[in-house]
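Me: Please take me through the terms used for this model one at a time, setting each value against its definition before drawing a conclusion.

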Amino acid sequence: MRLNITTPNERHDDACTCVAVSLMGDVISAGDDFVLRRWSPNGEPLGKVHQFDSCITYITWVPLQGGRKGRGAAAGTIEGKDNCLVACADGTFSFLNAASGRVERTVEAHVGSITGLVYSADASSIVSSGEDGCVKVWSQAGIPRTTLVLVGKCVYALCWGSETTELGGDCVLYCFGSDVVIKPLNPTIKRQLKWKAHNGVVLAADWSLMTGFIVTGGEDGTYKVWDPCGRSIYVSAAGGHPCTAVKFSADGEMFAVGSFMNLRVCDKTGWSHTYERLPEGSALSLQWTADGTQVVAGCGSGTVCTAQLVDRKLYWGQYCVTLVDGNKLLVQNVLTDTVEELELRDKVIKVELGYGYLVACTTTQCACYPIERLSAPVQFDLRDVVITLILGEKQFLLSDCNAGIQVYSYEGRQICLLRLQASLRPEIMAPDLVALSPDTVAIRNPADPKKILFFDTNHGKPVDNATITHHLEVLSLELSQPGSISDRKIAFVDRNRDLYFGSVHQRLGVQKLSTMTSSLAWHDRHEILIAIADGHLTTWYYPTIVFSDRDLLTTTKTVRDDGVDEFSRNDRIVSFDGTSVGVRRGVDGALLTFNTSPYPPMVFEHVAQHDWSGAIRLARFLDDKPLWGILTGLALRQGELNVAEVGYGALFELDKVRYIRHLKSIPTPEGRQAELALFQRRHAEAERILLQAGLTYRCIDMHTRLFNWERALEIATERKTHVDMVLAQRQRYLEAVGKEESIPLFRELAASVKVDWDTVIEKMKQEQLKEAQRPGARPYQ
């Protein structure tokens, strides 16, 4: 990736200290020459708008409701009617119509220069900061509401953010001296966060609503990335000059850093995508276009420069796709050494490659190219700027702030539109918070970050009784890809960085798999989960085994451990297909490739073809414990007791071998299913199977073996049978442990029901004989 920087012929007569970009791409700039200028989206000058009486220190477009939306707006607000807000060094800010150049209203705000001016997320408030050390809140019309902060020093940077966990929602971040402070707007919350960010003065700061990351630039020549709690994520090397401007892109995946004679674009975790020389002096102000493809910089020489991102690369299999220009793609097949050029009508905003398709979204259209037939694309129109683009095996997902989350087929047909009961804001549709599988879409609940919602891709309706409610905020989630809808699994990471695993359509609960997890990914063809946990690359070759036999979870897990922590919290898994795992290193952005074992996919393929003997032969030949664990888990899941017996024998789990043999001796299929469910710790399911099959005695016997005495007696009294057997078993148990009866109902029945052990034993034998004579009853083969 690199920047293609263009410089117009016209410029300001003095330093350009501030720029602002509308959602439609219109640019306004101002500076120390007192003049506000306007520029086209292509960087062409459109002339002077207005001349003020003092230096202009900050400008922003006025958000209004309605019109075309996009990610450039804070939390879904948009600009309209060419209105902008202009702050000056004399302490005033003015409402200006950029089309007519007329000043609508001027507000006396601060004593001394205004250093920051931002709108709230819902556009209902304005927050300003100044050299007088005040941070003030104003209404949308400029009417004063409150003085939020009075620090007594110049506030150099101001931005808006949100932190719901500890600070209760909307917050203001401001910087004075070397300190950064996050102040909640909710007056009932007295807590605020404060930390020393740089060795010198903090000159610039920005907070991404999409990712939650904070970036600061200081007089010490460094830029740093923080999480919302003030924990350091990345610290750059010190440059020779102060960092004068920082700005996140609309999607939060990148940020730009400006300094003297240079401009840098970095990943959200801090490493640099590109570093370019800027011949126009210091970059005093930076703004991204709404589509995230250009950076507009106001420079110390008075020039307004436009930097276009080019040479972005994507890889999938033998193909490499390069965005060489704003609307031109090059597709290279590295095996055949052929290159094809694709040119689209408008500027490309989002492009993804995978599952045999190349999908490119421009400002107005979406184009789907079959990777084998690039000359036959499918195109359809878009209503708004795309926020998130996720590819799946059979369909792909895209989201915007107009229609919300939509699922399309690769033939361009809209399959469904998700019915979210929430206002459409960009941050609720961030890529980490949305996951797609062939039949299900998962999204974190916009109203409650502790809940995960599931939607059916066939009609866009919520899946009944499938919502997962967690005890902490969910940070990222992923859906498994292979299998049918009943096999769908989800893995998610919460605020404590714990990794949890659960089933979407089966009520099996969620299980904790690991701690300190920074990134995770599912295999594209098999149910294999990989994550960076505790500083190591950890692979669960069959995590579903946690619902069958949790003791085998560690057997099917491998940890890449070279004696040291290989990975940091900034490293991310970017791909997992075949046996290859791609990890993007957070320190320098290097793409590392690791391999997983090729044998577990072979076991999955044998089982998918019902070739159990082939899977056993493979496991015996390699004599690998993870393979035996995977094979045993698959056998338990599909009720193959002979294979499970062989697997447990190979793992030297002799007690479980004996239990499997006991299961095989049960004459009825329903009895075996119930005992297998009981083995997998699903007591309610085992009871339901037995009662539906009419095996009341076996159900009561199961509860007595589990010491669920009250439930056993409840079933016996409801069905009016075997009450004496429950009382007899209870009496024997109390005699064995040397205790007296403590359950009132048992005491009452003991006085009225006579227990005769000979009669009880005879009834048990009769029930076993009756079960063996049921239609279809025969020992397991």
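**Terms and values**

Reply: Helices α10 (723–737) and α12 (757–772) each supply at least two residues to the lining of the largest cavity. The model is predicted, so local features need pLDDT of at least 70 and side-chain atom pairs count only at pLDDT 80 or more, while totals for chains, interfaces and linings use all residues. Residues are numbered from 1 along each chain as its sequence is written, and side-chain values use heavy atoms, with hydrogens and water left out.

Me: What makes a set of points a cavity, and which residues line the largest cavity?

Reply: On a 1 Å grid over the protein atoms alone, a cavity is a set of points where a 1.4 Å probe fits but cannot get out, and a lining residue has an atom within 4 Å of a point. Grid points are joined across faces, edges and corners, and a volume is the space filled by probe spheres set on the points. A search of the whole structure finds one cavity of 30 Å³ or more, and the largest cavity has a volume of about 30 Å³. Its lining consists of Y697, H722, D724, M725, V760, K763, M764 and E767, with the largest share, four residues, coming from α12.

Me: How do the residues of that lining divide into nonpolar, polar and charged?

Reply: Ala, Val, Leu, Ile, Met, Phe, Trp, Tyr, Cys and Pro count as nonpolar, Asp, Glu, Lys and Arg as charged, and the others, Gly among them, as polar. By that scheme the lining holds four nonpolar residues, one polar residue and three charged residues.

Me: What is called a helix or a strand here, and how many of each does the protein have?

Reply: Both are DSSP runs numbered from the N terminus, a helix being H or I over at least four residues and a strand being E over at least two. On that basis the protein has twelve helices and 53 strands.

Me: Which residues of α5 are buried, and how do you know on which side of α5 they lie?

Reply: Buried means under 20% relative accessible area, exposed over 50%, and partly exposed in between, with a 1.4 Å probe and protein chains only. In α5, K656, V657, I660, L663 and K664 are buried. They cover an arc of only 115° around the axis, which puts them on the same side of α5; the arc is that of the directions from the helix axis to the C-beta atoms. On the other side of α5, L654, D655, R658 and R661 are exposed.

Me: What makes α3 mostly covered?

Reply: Eleven of the 14 residues of α3 are buried, among them W628, I630 and L634. The elements covering them include β50 (557–560), α1 (599–608), α2 (612–622), α4, α5 and α6.

Me: Why is M261 called partly exposed, whereas R778 is called exposed and G354 buried?

Reply: M261, in strand β23 (residues 254–267), has 22% relative accessibility and therefore counts as partly exposed. R778, in the segment after α12, is exposed because its relative accessible area is 52%. G354, in strand β31 (residues 348–354), is buried because its relative accessible area is 5%. Not counting residues up to four places away in sequence, R778 touches I666, P667 and R672, and G354 touches W316 and L391.

Me: What is worth noting about phi at M261 and D311?

Reply: Most residues other than glycine have a negative phi. M261, which is not a glycine, has a positive phi of about 65°, and D311, in the loop between β26 (304–310) and β27 (312–316), has a positive phi near 60°.

How values were computed. On a 1 Å grid over the protein atoms alone, a cavity is a set of points where a 1.4 Å probe fits but cannot get out, and a pocket is an open set with protein on both sides within 12 Å along at least five of seven lines; lining residues have an atom within 4 Å of a point. Contact means heavy atoms within 4.5 Å.
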